[in-house]
Amino acid sequence: MISVSNVSMRYGAKVLFDEVSTGFSPGKRYGLTGPNGAGKSTFMKLLTGELDPQKGNVVRPKKLGVLSQDQFAFDAFNVIDTVIMGNKRLWAALEERNHLYDKAEMTDEDGMRLGELEGVVGEEDGYSAESDAAILLQGLDIADELHTRKMGELQGGQKVRVLLAQALFGNPPALLLDEPTNHLDLDSIHWLQEFLNRYQGILIVISHDRHFLNSVCTHIADIDYQTIITYTGSYDDMVIAKTQIRSQIESQNAQREKKISQLNEFIARFAAGTRSSQVQSRKKEVERLQVNDLARSNIARPFIKFEQKRPSGKYLLEVEGLTKSYEDDVTAVEPFTAGVMRGDKIGIIGRNGAGKTTLLNALLANSPTVPLSELRDTSGYTGDFVTGGKVVWGHEASVGYFAQDHKASIQKGMTVFEWLFQYDPASSNEEIRGLLGQMLFQKDDALKSTNVLSGGEAARLLFCKLMLQKPNVLIFDEPTNHLDLESINALNIALQKYQGTVLLVTHDHDLIDEVATRIWHVENHEVEDFKGTYEEYQAQVVA
Ligand SMILES: Nc1ncnc2c1ncn2[C@@H]1O[C@H](COP(=O)(O)OP(=O)(O)OP(=O)(O)O)[C@@H](O)[C@H]1O
Ligand SMILES: [Mg+2]
């Protein structure tokens, strides 16, 4: 059992949740929901103990399996080590032990300490750690030859599997997963659903994916109105139940507002008169009613609109016999030839590991406007992005790029306003504020540090950059990861209306369906070019 009592959390003026008491029991599978920035990841960090609540307390089992939202955090470690790190006590003991063994000379004290550490390693099954980790990885379909690779070399879907193995390492009685379906293709999501449905402990999972929540969850803990309400049933059941609660809360709010305005009227009318004690008591009452802002629903829709500073030429991009292979002779892209015309909206689809990001990188490496550093940052890769063939961009092309590891594209240690402003120092304060407001960074939020952005907020900030730069080509690598439903809809509409050219990698079928006019299907590193919509493509595949 994990139990939470009277927990409150706020940042500045923003109350995430106030006086929350709730519990999570074994055998039940909880979805933790709420729009971007609601406080889901924060709440999960309170549950794991990574953060302490500002008020109240949390009681948790000694061991927890955790998958955090940042799936790029372990890029520098190798796969087996990453899994073993799931047992923090063991990992710390192993590290310290190796450090002591590395010393040229050992003191008596060191010797004593080594004895203690061996004790910890024994208690935590450290002697079988590597083989235990390997067995988990095999179960999760990570081939043996990948076990000694660096995490940074794996592609998105494989990383998630390794991080799941990390969470599961040591059979924890509770599993806490923050957006595990990001970067997964449909088949992998199905696999994860089945896997989680068999898990016997306490499962708490954060997701914006309705289908996924419906197929996994027995309960939904929803963050809204500055509290957390747990509903029995899956996501769709919650939505129905919530409309009732919402109208109740909203009518309470309306009553309170009405009461305040009546009191204010009385105060205004008699302020100068003889009934001063009554006026005073009413002023107090108004103060009391106003202490807390009304708890409003946190659901909001951003307004995305992509424009082009100037359109590109008609022939946008010429790809001729493009290939890409890695040193160890792994071919990532087989020879590919295609021409892209202004206004094409290309949906790039394919299973995890098929080579979609590699293809994008090969195209981007030659683009006139995206610096190589933006590619290197995100893949950790430092070799060439193209092995053979030609990629030629039309000279008027200006490319805006949204990378898969989107958070790495935002420097830390500045305010949201400063970060955006650097991309167009000629723009006015109002322009920047206006853009940020459109993307739901209101007032003080513009001065928030880039260090603390939630996953969805970081994505919204990158959209601001693209709206500011007004490129005539937009390249997105899985933009809907981390986004809530409202934002995905806004993105969908914006891409449909955009007059420029779009290259879009996504596993979101609705988005592909409604935006793409052309499909590139990447399979076994080969690209199939289909000039038509997703629906037409599927019809053709079936036929
Ligand atoms: N240390 C901090 N200082 C100020 N604000 C913070 C801090 N940490 C988090 N926040 C803010 O708290 C809010 C909740 O963040 P959190 O990451 O929990 O959201 P989330 O519900 O997980 O959102 P998403 O769906 O986008 O991942 C965000 O607005 C975030 O910017
Ligand atoms: Mg989050």
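Ala, Val, Leu, Ile, Met, Phe, Trp, Tyr, Cys and Pro are counted here as nonpolar; Asp, Glu, Lys and Arg are charged; the others, Gly among them, are polar. By this scheme, the residues of the shell around ligand 1 divide into five nonpolar, ten polar and five charged. The model is predicted.

The shell around ligand 1 holds 20 residues. Lys40, Thr42, Ser454, Gly456 and Glu457 come nearest to the ligand. Three elements each supply at least two residues of this shell: β2 (14-24), α1 (40-48) and α15 (455-469). Domain 1 (2-237) gives residues to the shell, and domain 2 (315-542) does too, so ligand 1 lies between the two domains.

Several side chains place polar atoms by the ligand. For glutamate 457, a polar side-chain atom lies 2.6 Å from an oxygen atom of ligand 1. In serine 454, an N or O atom of the side chain is 2.7 Å from a ligand oxygen. Glutamine 69 also takes part, with a polar side-chain atom 3.0 Å from an oxygen atom of ligand 1. On its own, ligand 1 has 640 Å² of accessible area, and the protein covers 85% of it.

Cysteines were examined next. A search of the whole structure finds zero disulfides. Cysteine 217 has a relative accessible area of 8%, which is under 20%, so this residue is buried. Cysteine 464 has a relative accessible area of 0%, so it is buried by the same cut-off.

Backbone angles pick out two glutamates. Most residues other than glycine have a negative phi. Glutamate 179 is not a glycine, yet its phi is positive, at about 50°. This residue lies in the loop between β6 (174-178) and α7 (186-197). With a relative accessible area of 4%, glutamate 179 is buried. Glutamate 478 likewise has a positive phi of about 50° without being a glycine. Its place is in the loop between β15 and α16. Glutamate 478 is buried, and its relative accessible area is 6%.

The loop between β15 (473-477) and α16 (485-497) also holds leucine 483. Leucine 483 is buried, at a relative accessible area of 1%. Along the chain, leucine 483 and glycine 455 are 28 residues apart.

Another loop, between β13 (388-393) and β14 (399-402), contains glutamate 396. Its relative accessible area is 35%, which falls between the 20% limit for buried and the 50% limit for exposed, so glutamate 396 is partly exposed. Glutamate 396 and valine 505 are 109 residues apart along the chain. Their C-alpha atoms are separated by 23 Å.

Arginine 518 belongs to a strand, β17 (residues 518-523). It is buried, with a relative accessible area of 3%. Arginine 518 and valine 340 are 178 residues apart in sequence. From C-alpha to C-alpha, the two residues are 10.0 Å apart in space.

Technical notes
Residues are numbered from 1 along each chain as its sequence is written. Chains are lettered from A and ligands numbered from 1 in the order in which they are written. This is a predicted model: local features need pLDDT of at least 70, side-chain atom pairs count only at pLDDT 80 or more; totals for chains, interfaces and linings use all residues. Side-chain values use heavy atoms; hydrogens and water are left out. A residue is near a molecule or strand if one of its heavy atoms lies within 4 Å of it. A polar contact is a pair of N or O atoms within 3.5 Å; within protein, one must be able to donate a hydrogen and the other to accept it, and residues adjacent in sequence count only if both atoms are side-chain atoms. Accessible areas come from the Shrake-Rupley method with a 1.4 Å probe; for residues, only the protein chains shown count as cover. Helices (H or I, at least four residues) and strands (E, at least two) are DSSP runs, numbered from the N terminus. Domain bounds come from an automatic or database domain assignment. A disulfide is a pair of cysteine sulfur atoms within 2.5 Å. Buried means under 20% relative accessible area, exposed over 50%, partly exposed in between (1.4 Å probe, protein chains only).
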